[in-house]
Amino acid sequence: MSQAAFVKEELQNLFCSEKKETRLLELLRQMQPYDLAEIFRDLDVDLQRELITHLSLAHAAEVLEYLEPERTYELLSRMDETVTSLLIKQMSSDMVVDLLLAIHPLQAEKLQRLLPADYRKKIKQLMTYPEDTAGGLMTVDYVSARAYWTGEQTIRHIRKVGYEAEIVSYIYVTDQRGKLFGVASLKEIILADPKTPLSDIAKTDIISVPAETGQEEVASVLSRYGFYAVPVVDRQHRLIGIVTYDDVVEVIQEEATEDIQKIGGSQPLTEPYFKTSIWSLYRKRIVWLFILFVGGAYTATVLESYQSTLDQVVALSFFIPLLIGTGGNTGSQIVTTLIRALGVGEVKFQDLFRVIKKELLTGMFLGMSLGLIGFIRAWIMGVTFDVAYVVALAAMFIVIWSSVVSAALPLILSRLKADPAVVSGPLISTLVDGTGLIIYMTIAKMILEL
């Protein structure tokens, strides 16, 4: 029996026991919030509510953050309004926004009425930002201080509000109008003279991001500079929130999952696999399959147009799958590499010609190597020297052609604000199939004088 199954069974048994309190508390304290949330999913909602009451507010809030929004709302709606208000306030503000946007508007309005007026105003402001931007990712649970405060004043302020903050490693320093002045680490404040103003401690050459910045760029900033969090500012450069590294981890996972699904030739899933219906899977796959099917039909048309060439030298048909497969495989390798490089900011559109040059030279070496292997393979099969020579040349030029096309398309699509991941492996393979056949047959007609 797994640990989760054992804990689940023991929890259920404890609620049938008269002496459950001590053992139950001991068991709950041993569990991480994520592990508890996983167990909660298989428990009756009344049992979940009972368990929540045995947790501290901070622990319970973390568990709720890992549950599905609908389940979280169901639990909150069955509790006393005072407890519900405290739990929501304890949750990180970005998670509260995700919850409110995921449930029915009437349910969201009911929960918002339980929040303090000033906090409710901040939450409503966060809800106006698109979810894939810095504004949509940020939390308002941070510690800020005025530039004219001393280190001593700042530490008193941290003791007062720090328990509500997501992190206290960074203290964000603002001027009297709320504009971001700088950032100071808690270590720097503690080690400085208590009477030193924050304006003398804080670093003013800070990195911040506008609220409209895309989530991929935010992730890139945090990764590039090694920050735990990055401040988010409005158009007047006023501090309005922070994006923390744990939010970025989720973004990276989501973006990577989406790109992988697109590279596979399918629209990305919006829900976990087992929660996605068969009809939804059908709708997300049929469009790309139709496009690829049409592309495959184009390949058949190319073959038909060269039927007379194939009739004269039947041996040429033996190598069609080998050659077009090689071109598609080459393209898939390059596209996968470039999509990842674009995603992490290693490559930009300005690098187009550098990328093409690099992949062209690489393609030439690969093409010559595969051409030689193709020649040997054809010779072993017993075809004539001329046909083996055609196969070798075709393999080389198809690989070179595939390298150039696959290098250029992702960057061009990125420039056009389209997702480069749509240049999926299957799509590149289909594109190269038709053009590769034309290259093959053209070389055959020239060398064999057909």
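Residues 360-381 are 95% helix and 0% strand, with end C-alpha atoms 30 Å apart. This is a predicted model, in which local features need pLDDT of at least 70 and side-chain atom pairs count only at pLDDT 80 or more, while totals for chains, interfaces and linings use all residues. Residues are numbered from 1 along each chain as its sequence is written, and side-chain values use heavy atoms, leaving out hydrogens and water.

- Residues 318-339 are 91% helix and 0% strand, and their end C-alpha atoms lie 34 Å apart.
- Helices (H or I, at least four residues) and strands (E, at least two) are DSSP runs, numbered from the N terminus.

**Salt bridges**
- Eight salt bridges are found in the structure, each being a side-chain nitrogen of Lys or Arg within 4 Å of a carboxyl oxygen of Asp or Glu.
- Lys203 and Glu188 form one of them, at 2.4 Å from N to O.
- Lys203 sits in the loop between helix 14 (198-201) and strand 4 (209-210), and Glu188 in helix 13 (residues 186-191), so this pair ties together parts 15 residues apart in sequence.
- Asp234 and Arg238 make another, at 2.8 Å from N to O; Asp234 is buried at 16% relative accessibility, whereas Arg238 is partly exposed at 36%.
- For these words, buried means under 20% relative accessible area, exposed over 50%, and partly exposed in between (1.4 Å probe, protein chains only).
- Salt bridges that share partners also join Arg71, Glu74 and Arg78 into one network.

**Aromatic rings**
- The count of aromatic pairs is ten; rings of Phe, Tyr and Trp (its six-membered ring) pair if their centres lie within 6.5 Å, and planes under 30 degrees apart count as stacked, over 60 as edge-to-face and the rest as tilted.
- Tyr170 and Tyr228 form a tilted pair, 6.1 Å centre to centre with 40° between the planes.
- That pair links distant parts of the chain, 58 residues apart: Tyr170 is in strand 2 (residues 170-174) and Tyr228 in the loop between helix 15 (215-225) and strand 5 (229-233).
- Tyr170 is buried at 17% relative accessible area, while Tyr228 is partly exposed at 48%.
- Ring pairs link Tyr142, Tyr170, Tyr172, Tyr228 and Tyr245 into a cluster.
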